[in-house]
Amino acid sequence: MDIKTGKDYAQMLLSIGAVSIRGEDALFTWASGIKSPIYCDNRLVIGYPEIRKSIARGIAQKMTEDFGTAFDLVAATATAGIPHGAWVSDILEKPMVYVRSSQKEHGKGNQIEGPYKAGQRVLLVEDLLSTGGSSLKCVEALEAEGLEVLKIYGIFNYGFESMKARLAERGMPYETLTD
């Protein structure tokens, strides 16, 4: 696998315009409600095959370094984490599930889509972490079904101390390719 640094991944995101900056008069509103002059849109990665392959290989490599094959599933957060989770699970030849933000109100009413069994060990793929709130909601949903979440992996995090503290308080390790 090609070894990349955090700076390499940051440059990839910058090169495709995934990182945007606005002035104080036109702040972005994040899912968490935070207003910010910076926004990282990792959904753009799906349109750049070489970059998405490099990112998927990078996350898969980190997972393998951490756990070898001692996990059962790759889980991904809906919606932006789904393609990345799929590419990573393909590289690692592991099954995949994805976690919705809430249960569906139709069909089977699932919050977790895909095959799984209680007791399985899971690695969670997130596109980015800001406050850690949505990631922890996914962890809680997986754990409610009897799954053991070992670690969260992502492409980018904003480096907020509050996020680090929130995940540490919950005992949930995480790692991103860049920040």
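1. The crossing of H1 and H2 is left-handed in this predicted model, a crossing being called left-handed if the near helix is turned anticlockwise from the far one by less than a right angle, and right-handed if clockwise. H1 and H2 pack at an angle of about 150 degrees with their axes 11 Å apart, where axes are lines fitted to C-alpha atoms, for helices over the stretch in contact, and angles run from 0 to 180 degrees between N-to-C directions. That angle makes H1 roughly antiparallel to H2, given that angles under 35 degrees count as roughly parallel, over 145 as roughly antiparallel, 65 to 115 as roughly perpendicular and the rest as oblique. Tyr9, Met12, Leu13 and Ser15 of H1 meet Ile51, Ser54, Ile55 and Gly58 of H2 in this contact, contact meaning heavy atoms within 4.5 Å. By class, the residues of the contact of H1 with H2 are five nonpolar, three polar and no charged; Ala, Val, Leu, Ile, Met, Phe, Trp, Tyr, Cys and Pro count as nonpolar, Asp, Glu, Lys and Arg as charged, and the others, Gly among them, as polar.

2. Some conventions apply throughout. Residues are numbered from 1 along each chain as its sequence is written, and side-chain values use heavy atoms, with hydrogens and water left out. As the model is predicted, local features need pLDDT of at least 70 and side-chain atom pairs count only at pLDDT 80 or more, whereas totals for chains, interfaces and linings use all residues. Helices (H or I, at least four residues) and strands (E, at least two) are DSSP runs, numbered from the N terminus.

3. Helix H2 (residues 49-67) also packs with helix H3 (residues 82-92), at an angle of about 60 degrees and with their axes 9 Å apart. That makes H2 oblique to H3, and H2 passes H3 in a right-handed crossing. On the H2 side the contact is made by Arg52, Ile55, Ala56, Arg57, Ile59, Ala60, Met63 and Thr64, and on the H3 side by His84, Trp87, Val88, Ile91 and Leu92. This contact of H2 with H3 has nine nonpolar, two polar and two charged residues.

4. The open sheet consists of six strands in the order S7-S6-S5-S8-S9-S10, with mixed pairing; two strands pair if DSSP finds at least two bridges between them. Strand S7 (112-113) and strand S10 (174-178) are at the edges, each with a single partner strand, so one side of each is left without a neighbour in the sheet. Strand S5 (residues 73-77) pairs with strand S6 (residues 96-99) in the parallel sense over four bridges, and alanine 75 stands opposite valine 97 in S6.

5. S9 and S10 run parallel and are joined by four bridges, with glutamate 175 in S10 as the bridge partner of tyrosine 153. Helix H1 (residues 6-15) lies across strand S9 (148-157) and S10, running at about 60 degrees to S10.

6. Two backbone details deserve a look. The peptide bond from alanine 78 to threonine 79 is cis, with omega near -5 degrees, and threonine 79 is placed in the loop between S5 and H3. Glutamate 93, found in the loop between H3 and S6, has a positive phi of about 55 degrees although it is not a glycine.
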